[in-house]
Amino acid sequence: MGLLSNRVERSEIKPGDHIYTYRAVFTYSHHGIFVGGSKVVHFRPERNLNSGTGTSSNSDLYDSRFGLPSSCSTFPDCGFRQPNSGVVLSCLDCFLGKGSLYCFEYGVTPSVFLSRVRGGTCTTATSDPPEIVIHRAMYLLQNGFGNYDVFQNNCEDFTLYCKTGLLIADKQGVGGSGQASSVIGAPLAAILSSPLNLLMPNPVGVATVTAGMYCMSRYATDMGVRTDVIKVAVEDLAVNLGWPGPDKEVADNEASNQLIAM
């Protein structure tokens, strides 16, 4: 395993895997659930919400930062989403764009988690079986995942929920995203370690303490160790958010199965 990420080949990923790719020269990563058949379900900021159809045109959906196609000859329904929803079904090619493929790791030990220099690559939380993961992803493709928020409800939060069924009970702070906790953890570590400058004039010592605080701040917000997370069935999540009832769910499940099979 690498210190930065876990790059894989396409032949190595399996349905139900949490995959990601880097954007803007490794500035940030975009995450999704591989559902098989070279298709990925992922979550991104809503745009063109008044398109009026569930299968918005590819030109409307184009945004290379979030794996959306300008045109796609691989998968006719590439870019499918429901109106007013940021959950999208894309082919693997369009999801990756020009980026490489990485696979997010679950159930890692605390020592492995802390050894990772960058957040958003692994978690100590364990994954549910692939069939449950895919069911959540396809259900949310039909019903949405709320409003996108870069710190509290982003693409990594979406994939973490699909994989584990865990949600943060109180959304007042940072979400479960390792990327978000990294962004917040770095300046926090610098602030907390700054008083130690008086005690440790050696720059190496200060840097070591800052790095240690940064890693611990990331670990404290990991879904596998947080005490403010709850397990929520995707159907219960839908009811809590006022989504459609059982009759609509049956139709949506049939539509999802057809999308996977295509």
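This is a predicted model: local features need pLDDT of at least 70, side-chain atom pairs count only at pLDDT 80 or more; totals for chains, interfaces and linings use all residues.
Ser-38 sits in the loop that links β2 and β3 (39-43). Its phi is near 60°, a positive value in a residue other than glycine.

**Loop residues with positive phi**

- Because its relative accessibility is 42%, Ser-38 counts as partly exposed.
- Ala-24 is found in the loop between β1 (18-23) and β2 (28-36).
- For Ala-24, phi is near 50°, again a positive value in a residue other than glycine.
- Ala-24 has a relative accessibility of 46%, which means that Ala-24 counts as partly exposed.

**The largest nonpolar core**

- The largest nonpolar core has 27 residues, and those touching the most other members are Val-35, Val-41, Leu-140, Phe-145 and Phe-158.
- Two or more residues of this core come from each of β2, β3, β4 (87-91), α4 (130-143), α5 (155-164) and α8 (234-240).
- Helix α4 gives the largest share of this core, with seven residues.

**Contacts of Phe-158**

- Which residues is Phe-158 in contact with, leaving aside its neighbours within four places in sequence? They are Val-41, His-42, Phe-43, Val-87, Ala-137, Leu-140 and Phe-145.
- Among these partners, Val-41, Leu-140 and Phe-145 are also listed with Phe-158 as the core residues that touch the most other members.

**A second core**

- A separate core of eleven residues is also present, and its members include Tyr-102, Tyr-106, Leu-160 and Ile-168.

Methods. Residues are numbered from 1 along each chain as its sequence is written. Side-chain values use heavy atoms; hydrogens and water are left out. Helices (H or I, at least four residues) and strands (E, at least two) are DSSP runs, numbered from the N terminus. Buried means under 20% relative accessible area, exposed over 50%, partly exposed in between (1.4 Å probe, protein chains only). A nonpolar core is a set of buried Ala, Val, Leu, Ile, Met, Phe, Trp, Tyr and Cys residues joined through side-chain atoms within 4.5 Å. Contact means heavy atoms within 4.5 Å.
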